[in-house]
Amino acid sequence: MADDAAPNTGLQHDIVREVYRRFGEGEFRFQATIDGMPTLWVEAGRILDVLKFLKSEVQRPYRMLFDLTAIDERVRKHRDGQPASDFTVVYHLLSIDRCNAKELAGGDIRLKVGLVGEKPECPSCISIFKNANWYEREAWDLFGVVFTGHPNLRRILLPPRWEGHPGRKDYPARATEFDPFLLDQMRQDLDQEALLFKPEEWGMQRSSGDVDFMFLNLGPNHPSAHGAFRIVLQLDGEEIVDCVPDIGYHHRGAEKMAERQSWHTFIPYTDRIDYLGGVMNNLPYVMNVEKLAGITVPDRVKTIRVMMSEFFRITSHLLFYGTYCQDVGAMSPVFFMFVDRQKAYDVIEAVTGFRMHPAWFRIGGLAHDLPNGWERKVKEFIDWLRPRMDEYEKAALKNAVLVTRSKGVAAYDAAEAQEWGVTGPGLRAAGVNFDYRKARPYSGYENFDFEVPLADVSDVYTRGCLRAEEIRQSLRIIEQCMNNMPAGPFKADHPLTCPPPKERALHDIETLITHFLGVSWGPIMPPGESTTIIEATKGLNSYYSVADGSTTSYRTRIRTPSFAHLQQIPAAINGHMIPDLIAYIASIDFVMADVDR
Amino acid sequence: MTLPSWITQETIDTAIKSVQAVVILVGMVVVSAWMIWLERRLLALWQDRYGPNRVGPFGLGQVIADMLKIFFKEDWTPPFADKAMFWIAPAIAMAMMILGFMIIPLGDTLWIADLNIGLLFFLAIAGLAVYAVILGGWASNSKYSLLGGVRSTAQTISYEVFMGISLMGVVMQAGSFNLREIVHAQQEQVWFVVTQLLGFIVWVPAALAVTHRTPFDLPEAEQELVQGYHTEYSSMKFGMFMVSEYVGIVMVSALTTTLFFGGWDVPFVDNEGWFLSFLSFSAKTFIFMCSYILVRAALPRPRYDQIMAAGWKVCLPISLINMLGTAAVILWQTPGASS
């Protein structure tokens, strides 16, 4: 085992020892991170071997490429002995087998590849992880990292004619730093021309044998695209031969904004990542910043956070439920679910003062405590929704037409789901018992009694049923929160809590200045790196923050479930018909804000 | 003072009949337009909301407001469309549905055309009506419209076949294609929904399919094809498609009443008189109109190939069995035919 006096070489982690044994310790540099996730630096030349080893050779393998992103390191001050690099590509692998073994430190591994120069090059790992495709395109789009061997390295989030790589530090973040935007006729024509779909660019045939294919542009404005999402279909009659999802129409540069907002003022931006998730979006962000700051939050805060997050899981799932029925042609259910959501928002509004985007969690606590009489409102809601859920099951989920429309449509198994990075109900429907709240409980989820609904094969039907059941489980969790709400403060007593505790301010001028700076500039987080994952409404949502000892984040990476789920579409839907695609899209349960960030 | 020689009893009758026809047709179109209001209010009732309730009493003025709005909208024809066909399609839709209503007797004395091939005429009209959808879908020169048109063609072919067959039992029992004769036959025997239950069961989906209503609204499936064949239509051309759909509902509901529920017949009353017959006929038709709306509120939409399969594999055999069964029973009951 590692000697305390020696530099941390990561030998305390099983997986690091296995990797060292296979490749030799000299190939790697271990980096200690605040979240305790084993982090290894690898040479670009060896990265594919290491990924292959972790995916298929090691015991209890890392089957899922959870995230892949890049960091522009050129102006970072605190590198603490990390290998010098201008750009770093970060791979985050996830092993569900290891997570379920209840090893809290195991299950994830982070690999880093340092790259040098203005046009950094890194080998593409699509041959190992299929879902690296979009992640590598995104890293190229935003950071200009060239992935050699990538079959179609083109822009994904930004328009095709965009110039520059906005994720880079030398790219301005504010509109005022640019020339005024002008859209003249010529530019509009060129931009539209660039969006024209050319099948040849995607390796598609225009005809085959005696069949001429029709290319149907579904979206970005289509009633069932659930937002500004475009998918180009190659059709033989109504059968989908192949398709190309096109995203980026909802891109706002949230990750870049995190680099100019203070740690505190970025919270409202997180609300709008998965805009149906409300405060549940705040949760991974504030927990991650709390890790960086070393804040431990009181039990009351944890429980309130769980309760409000589950409220948003319910409102999000209810919207899913309604639109899911709507997309197979049943027009009525959605109205009933909107009534229920209204009731839920009444409670949320009473507690947080806001409805969809309360931005209510704070670094180290909450904006304020629960209002008087909150239990009554919560109880009313639980009593209201339970019987309604039974009714919906009878009227919607058991409807014979809905069942024939959804059973066996766009089905995939557990292996395929992991290959594409599918998480959340889509993964559990394939029989993988992986709910992050159970696998690695956070914010006190270990104290709650609830079940994780599972199914055998993930198809449109089971994905719908699972979410309906999850609403019931969320109600159970909320009920337990209500009955067992701990007493105590709603804010951690820590100098980096934001807004800072006022009691600390009123002693002398020194404490007053500290408080004033904490409020006006925001807290300064100590340098470090950390990732926090939660089970969000649609799957696993994670924040990876790099703090460089300033009032803002140096790099914030937001990994969202919807991005991965959309990438999977062609693999699941080819060979089906257009109505199946619509049902499948409904069953994914995504919002474009969550995809494009 | 003498009347001009051309005013004879015959011309007076003709004049009265003409006025009657115009009143009935205009009345029906107005009723169809108000059905939009009815549908929105009923859907709202079943969906826990209010629906249009602001314009006039109970929101009844909403239809007028909508019609005015739709008249003043830009009547845009896409530059890529085939103009002549694009314009004629909504006219066909409207005309065919109104023509279909012509043959339906509202009472024993209240009718427009007493055709002795009444039911055949309806089947022909239903077949022609699909041209509105096909031409609209084709002429729009839009991929979504085209898909809608294609679906409609396939759906019509599948459903016309057994729709006709499902009604043959009624024709055999009444011994006539004339709708008034069919009602008379029901007054003498019993409402045909009793003796022709199988035929009725098959007729219901076929009738839904004729009007392109949920769950047979595949040609305009909003979630899949945006608005299907009328995606590119605006203003009054769209309005005509829309009203024709409701005219279709009124027409098919009236037809269901006539064929299976005794038309204007009131049970246990011998001489209804024109007012009571009309009331009875309207009440029955109204119930069927409402049931169309209930179906829309309650059911999801099957997939296009599932609808085809149900048509060919379920409805067609049932309607054939029904026809053969009816024929056998009639033969068996006819004296002299069995020997």
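Good morning. Chain A carries 68 positive and 81 negative side chains, and the centres of these two sets are 3 Å apart. Here Lys and Arg count as positive and Asp and Glu as negative, with His and the chain ends not counted; the charge is placed at NZ of Lys, CZ of Arg, CG of Asp or CD of Glu.

A word on conventions. The model is predicted, so that local features need pLDDT of at least 70 and side-chain atom pairs count only at pLDDT 80 or more, while totals for chains, interfaces and linings use all residues. Residues are numbered from 1 along each chain as its sequence is written, chains are lettered from A and ligands numbered from 1 in the order in which they are written, and side-chain values use heavy atoms, with hydrogens and water left out.

Let me turn to the overall form of chain A. Its C-alpha trace spans about 80 × 60 × 55 Å along the principal axes. For 597 residues, a compact globule would have a radius of gyration near 25 Å, and the 24 Å of chain A agrees with that; the radius is taken over C-alpha atoms, and the rule is 2.2 Å times the number of residues to the power 0.38. Chain A contains 21 helices and 17 strands, which are DSSP runs numbered from the N terminus (helices H or I, at least four residues; strands E, at least two). Of its 597 residues, 60% are buried, where buried means under 20% relative accessible area, exposed over 50%, and partly exposed in between, with a 1.4 Å probe and protein chains only.

Next, helix α4 of chain A, residues 132–143. Is this helix enclosed or open? Ten of its twelve residues are buried, so α4(A) is largely enclosed by the rest of the structure. Among the buried residues are A:W134, A:R137 and A:F143. After α4(A) comes A:G144, with a positive phi near 70°.

Chain B also has a helix α4, residues 118–139, whose 22 residues should span 32 Å; its end C-alpha atoms are 32 Å apart, which agrees. Just after α4(B), B:N141 has a positive phi of about 60°.

Finally, A:A572 lies in helix α19 of chain A, residues 569–573. With 6% relative accessibility, A:A572 counts as buried. Beyond its neighbours within four places in sequence, A:A572 contacts A:A410, A:Y412 and A:Y584, contact meaning heavy atoms within 4.5 Å. Thank you.

Technical notes: Expected span 1.5 Å × (residues − 1).
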